[in-house]
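Here are my notes on this one, as promised. Have the model open while you read.

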Amino acid sequence: MHTPVLLEKVLNKANLEGKKNFIDWTLWLWWHSKKIFEKFPQIKIFWIDQDEKNILLAKKNLEKIWKNLKIIKNNFANIEKICEQENIKWEVDCILLDIWVASTHFDQWERGFSFQNDGPLDMRMDTTATKTARNVINNYHEQDLFIIFKKYWEEPSARKIAKKICEKRKIETIKTSEELKNLIAEIINPKFLNSTLKRIFQAIRIEVNDELWVLEKWLEWACEVLAPWWRIIVISYHSLEDRIVKKFFRNEEKNCICPPIVPICICNKKQRLKITTKKPIIPTEEEIEKNPRSRSAKMRIAEKI
Ligand SMILES: C[S@@+](CC[C@H](N)C(=O)[O-])C[C@H]1O[C@@H](n2cnc3c(N)ncnc32)[C@H](O)[C@@H]1O
C-alpha cells in the first residue's frame with residue numbers, strides 16, 4: 001500500500017471543508033486525490049496527467065465509481081487552455097501540484113528513465129511528445145549538452161561527458177541507457193560513477209520533459225487565470241524546482257519590485273499571492289522511514305488574494 005507524500009499535511013492544509021472544486025494536476029495513481037475525496041466527498045475533482053498509461057488506468061478504475069470526477073490527459077503547462085475548455089476558471093478552491101516523475105516511471109525499463117535498467121533512450125512522460133532522450137543525446141550541439149549537464153546539476157565532468165557523447169555518436173547512434181552508461185563509465189572514476197550517472201540522467205530527463213519551463217509557465221498562468229480565494233499547494237522533490245516555487249511565491253507577495261533608489265513606484269506590480277508557509281513543510285523522520293522516496297519532498301502553499 002503506497003502512502004502519498006505529506007498526505008496528512010495536504011489533507012489539513014487543502015482547506016476544502018464545505019468547498020466545491022479541487023484540481024489535482026499530477027494524478028499518477030490518485031493517492032492524494034483518493035484521500036481528499038474520502039475526506040471531502042462533496043468535492044468535484046479534476047485530474048490531470050500527461051502520462052497516457054496513468055490516465056488509462058485511472059479511467060478504467062475510477063470513472064465508474066466516482067461521478068464527481070473529470071480525468072484529463074494534458075500537460076499542466078496548458079493550464080490556460082484546460083481551464084477554458086473545462087470551464088473551471090472561476091470555481092476552483094484548491095489546486096495541488098505534486099511534481100516530478102513517478103516511481104513507476106523508473107520501474108518501467110522500456111521507458112529508459114533509469115540507468116539501473118537497460119532500455120531505449122526515451123524518458124518522455126508524455127509518450128506522444130516528439131522530444132526523446134535519444135534526440136537530445138544524438139542531435140544536441142556539444143555546447144548545449146554541456147550547458148544542460150552544468151546548469152541543471154552542476155555536473156563537474158559536464159564538459160568531458162558532452163565531448164565523449166559527441167565523439168561516440170560520430171561512430172554510431174547512441175540508442176540505449178546501457179550504451180550511454182557505458183560510455184560515461186569509460187571516463188569517470190568508478191568511485192563517482194553512480195552519482196554522476198544520477199545527475200546526467202536527471203538532467204536529460206528534465207530537458208526531455210521541459211520540466212523547469214512547464215513549472216514556471218504553470219505558476220504564472222495559475223496566478224493569472226484563477227480567481228481569488230484559491231489555494232495552491234506545490235510539492236517538489238529537488239532544489240531546482242523548489243527554488244522556482246519559492247522565488248515565484250516571494251515575488252508575487254510583493255506589491256512593488258522597483259529598485260530602492262526609485263522614489264515613486266514605476267513597476268505597477270500588484271501583490272497576487274499570500275504565502276501561508278514561510279518555511280517549506282517537509283516529511284517527518286517517521287514518514288521518511290516508511291517511504292524513503294519522500295526524503296527530498298518540500299511543500300509550499302500560497303493563496304491568491
Ligand atoms: C509524483 S507523481 C504524483 C503522485 C500523486 N499525487 C499521487 O498521490 O498518486 C507525478 C505525476 O505527475 C505527472 N506529471 C509530471 N509532469 C507533468 C506535466 N507537465 N503535466 C502533467 N502531468 C505531469 C507524471 O506523469 C506523474 O504521474
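A salt bridge here is a side-chain nitrogen of Lys or Arg within 4 Å of a carboxyl oxygen of Asp or Glu.

1. First, the ground rules. This is a predicted model, with local features needing pLDDT of at least 70 and side-chain atom pairs counting only at pLDDT 80 or more, while totals for chains, interfaces and linings use all residues. Residues are numbered from 1 along each chain as its sequence is written, and side-chain values use heavy atoms, with hydrogens and water left out.

2. Now the interface. In contact terms (heavy atoms within 4.5 Å), 7 residues of domain 1 touch 6 residues of domain 2.

3. Between them the two domains bury about 580 Å², 61% of it on carbon and sulfur atoms; that is accessible area (1.4 Å probe) lost on putting the two parts together, summed over both. On the domain 1 side, Trp 100, Glu 211 and Leu 240 supply 64% of the area buried against domain 2, more than any other three residues.

4. How many salt bridges does the rule find across the interface of domain 1 and domain 2? It finds 1. Separately, have a look at Glu 211 and Arg 205, whose side chains meet in a salt bridge at 2.8 Å, N to O.
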